[in-house]
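Here's a quick briefing to read alongside the model. Have the sequence and the 3D view open as you go.

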Amino acid sequence: MNHRALLWIIAVIILISGIASVEFLRTKPNNGYELQVEEMGTGWMYRIYDKGKLVIQQQTIPGVSERKPFATRRDAEKVGSLVIHRLEKNCSPRISKVDLEQNEIAY
């Protein structure tokens with residue numbers, strides 16, 4: 001094999017590796033989400049940050065018509081974690097009554 005053919009093969013391998021790396025980075029799940037739960041005067045709320053930027057502030061239980069905060073820290077953590085899980089999977093973060101019931105969230 002001559003020198004020119006070897007250089008051409010190496011260039012093709014580098015190009016393919018570069019394309020594969022870019023595709024991997026583009027489809028890699030976002031691990032930059034952070035959940036913060038805090039007590040308010042009448043209950044609990046959560047905030048979700050993406051790489052330090054506030055993306056969701058949930059002061060009331062989502063998915064129900066009555067506007068009231070989470071009764072416990074654990075309830076806020078469960079729902080916030082579910083929302084992050086959905087965001088990481090590129091799914092809608094919407095929470096329904098079924099989600100609340102399955103996670104035993106009082107509402």
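Among contacts in the protein chain between residues at least 6 apart in sequence, what percentage join residues at least 24 apart? The figure is 44%, where a contact means heavy atoms within 4.5 Å.

Before going further, a word on the ground rules. This is a predicted model, so local features need pLDDT of at least 70 and side-chain atom pairs count only at pLDDT 80 or more, while totals for chains, interfaces and linings use all residues. Residues are numbered from 1 along each chain as its sequence is written, and side-chain values use heavy atoms, with hydrogens and water left out.

**Overall layout**
- The protein chain has 3 helices and 3 strands, and from the N terminus they come in the order α-β-β-β-α-α.
- Helices here are DSSP runs of H or I with at least four residues, and strands are runs of E with at least two, numbered from the N terminus.
- Of the 107 residues in the protein chain, 28% count as buried, meaning under 20% relative accessible area with a 1.4 Å probe, protein chains only.
- The accessible surface of the protein chain is about 7800 Å², and 54% of that belongs to carbon and sulfur atoms; the areas come from the Shrake-Rupley method with a 1.4 Å probe.

- β2 and β3 run antiparallel and are joined by 5 bridges; strands count as paired if DSSP finds at least two bridges between them.
- R47 has Q57 in β3 as its bridge partner.
- The hairpin has 2 residues between the strands, and K51 takes a positive phi near 55° there.

**The nonpolar core**
- The largest nonpolar core has 17 residues, and those with the most contacts inside it are Y46, I48, F70, V79, V83, I95 and L100.
- Elements giving two or more residues to this core are β1 (33-40), β2 (43-50) and α2, with α2 giving the most, at 6 residues.
- Such a core is a set of buried Ala, Val, Leu, Ile, Met, Phe, Trp, Tyr and Cys residues joined through side-chain atoms within 4.5 Å.
- Leaving aside residues up to four places away in sequence, L100 touches I61, P62, V64, V79, I95, I105 and Y107.

**A closer look at F70**
- F70 sits in the loop between β3 (53-58) and α2 (73-88), yet F70 is buried, at 0% relative accessible area.
- Not counting residues up to four places away in sequence, the residues F70 touches include W44, Y46, T60, V79 and I105.
- C-alpha to C-alpha, F70 and T60 are 6.5 Å apart in space and 10 residues apart in sequence.

Notes: Buried < 20%, exposed > 50% of the residue type's maximum accessible area, 1.4 Å probe, protein only.
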